[in-house]
Amino acid sequence: KVPGVKQSGRAFTGELALIEGKNVLLVKSGVEVQQSTFEYLPKGDPGKAYRYHDPVAGGECKECHPQGVGRTTPVTEAKLCHSCHDPKTGFKRLHGPLGAGQCSICHDPHGSAHPAFLVMGVRPLCVQCHAQSRSQAHIDKSANKQCPECHNPHGSEKQYLLY
């Protein structure tokens, strides 16, 4: 029990006073330990709330970590994700990370302050891999559009993953 922390079943909620920059939250329960890292940038978008993936929020760590917290699952990442989520692999062309079965290149399996549990904002995430000059010229011309407005981030029947 921690003062100011509300517990409901195996889940808990509480407010954290974050400092600017990197914040590390270490949660211990018996011998189990879970570490979460938050990045707080007050000049960014302070209205964004960090959301936990349902198994994490429910304290169901062993669903993905059957060998214990901090250890990887004995099955592939894609198989693990697809045990709960639609595989999104029924396209003629697949986005590289999805085709390689590496969901966590784009999605954080524990939680995120971004939509769809993305590891960062949409445009910075796409540009992280698509930074070649041809892509950069296209990105510059697209003004304020977000990549998924035209490109399906998982796959498509069309070239360049267009809808």
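Reply: Start with the overall picture. The model is a predicted one. The protein holds six helices and eight strands. Along the sequence they run β-β-β-β-β-α-α-α-β-α-β-α-α-β.

Next, the packing. The protein has 163 residues, and 20% of them count as buried. Take the contacts with a separation of 6 or more: 40% of these join residues 24 or more positions apart.

Now the cysteines. A disulfide is a covalent bond between the sulfur atoms of two cysteines. How many disulfides does the protein have? The count comes to zero. Cysteine 129 is in no disulfide. Its nearest cysteine sulfur belongs to cysteine 106 and is 6.9 Å away. The cut-off for a pair is within 2.5 Å, so this pair does not count as a disulfide. Is cysteine 129 buried or exposed? Its relative accessibility is 52%, so cysteine 129 counts as exposed. Cysteine 129 also falls in helix H5 (122-129).

Cysteine 150 can be read the same way. Which cysteine sulfur is closest to that of cysteine 150? It is the one in cysteine 147, at 8.7 Å. That is too far for a bond. Cysteine 150 has a relative accessible area of 32%, so it is partly exposed.

The loop lies between strand S7 (111-112) and helix H5 (122-129), and it holds alanine 116. Most residues other than glycine have a negative phi. Alanine 116 is not a glycine, yet its phi is positive, at about 55°. Alanine 116 is partly exposed, with a relative accessible area of 46%.

Where does lysine 88 sit? Its place is in the loop between helix H3 (77-82) and strand S6 (93-94). Lysine 88 is a residue other than glycine, and its phi is positive, near 55°. Its relative accessible area is 36%, so lysine 88 is partly exposed.

To sum up the cysteines: the protein has zero disulfides. Cysteine 129 is exposed, and cysteine 150 is partly exposed.

Key. Residues are numbered from 1 along each chain as its sequence is written. This is a predicted model: local features need pLDDT of at least 70, side-chain atom pairs count only at pLDDT 80 or more; totals for chains, interfaces and linings use all residues. Side-chain values use heavy atoms; hydrogens and water are left out. Helices (H or I, at least four residues) and strands (E, at least two) are DSSP runs, numbered from the N terminus. Buried means under 20% relative accessible area, exposed over 50%, partly exposed in between (1.4 Å probe, protein chains only). Contact means heavy atoms within 4.5 Å.
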